[in-house]
Amino acid sequence: MKIWILITVAAIIIGIGVVFLFQTVPDLEENSEEKYQYKFWREEVPMENRSLIHRVFFSYSHDYGETFSEPKDVSMTEDSSAEPKMMVMGDDVILVWRDEVPLNSLLSFAISHDFGKTFEKKRLFEGSFPDIVHKNDILYLTWVEFKPFKVFYTKSLDRGETFEEPILIFSPEYEYDPTLNSPKPKFLQDAEILKIKWDFISKDYEFIIEQ
């Protein structure tokens, strides 16, 4: 009887461990047939003399996902980082995310030309909730600003080396209200049509970039 109790308890502990494992594995952009695979995710970490904050981490595999490199914190701030987005464009790995700095939120950008081993990083624009996509060798970026809410997009013809002047595609016609949920623009490719879609106050919006 005692043996069955011990076996049952052990099975429960193992089951909990498995559930925890699957809950903490970051999103993986991968193809099991691809030699080079990448992970980019947000994680809570303890900071000295501070409470937990969010940071963004990156890891790569060069052996079809058999093993991954030690996670690297790519955040460009001493405060929180969040909203990681990753894209593979040819052999380049491109990351965008939001860094919190005093009194502001900034979009950060990183690109790797050596399959994730090293990154060139820089600041882009003020904003949050970035999304990226590429089409016809053009890199597109969209995001939102606060106070008031404004949705922008821009594009790069040189893989992020430079970006064109941001284009405003949405701005509500009333005062900023912090109790409202922010629009979160996302790219959508439907056949040859490239769109940006978002919702605001239970209404759907879209902006067509190419068709």
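The model is predicted, so keep the cut-offs in mind: local features need pLDDT of at least 70, side-chain atom pairs count only at pLDDT 80 or more, and totals for chains, interfaces and linings use all residues. Residues are numbered from 1 along each chain as its sequence is written, and side-chain values use heavy atoms, with hydrogens and water left out.

**Terms**
- Strands here are DSSP runs of E with at least two residues, numbered from the N terminus.
- Two strands count as paired if DSSP finds at least two bridges between them.
- In general, strands of a sheet pair through backbone hydrogen bonds, either parallel or antiparallel.
- Angles come from axes, which are lines fitted to C-alpha atoms, and run from 0 to 180 degrees between N-to-C directions.

**The β5 to β8 sheet**
- This open sheet has 4 strands in the order β5-β6-β7-β8, and the pairing is antiparallel.
- At the edges sit β5 (81-89) and β8 (120-126), each pairing on one side only.
- Neighbouring strands are turned by 20° against each other on average, direction ignored.
- Between β5 and β6 (residues 92-101) there are 7 bridges, in the antiparallel sense.
- Met89 has Asp92 in β6 as its bridge partner.

**The β9 to β12 sheet**
- Here, too, 4 strands make an open sheet with antiparallel pairing, ordered β9-β10-β11-β12.
- Its edge strands are β9 (128-135) and β12 (167-170), and each pairs on one side only.
- From one strand to the next, the twist averages 25°.
- β9 and β10 (residues 138-145) run antiparallel and are joined by 6 bridges.
- Ser128 finds its bridge partner in β10, at Val144.
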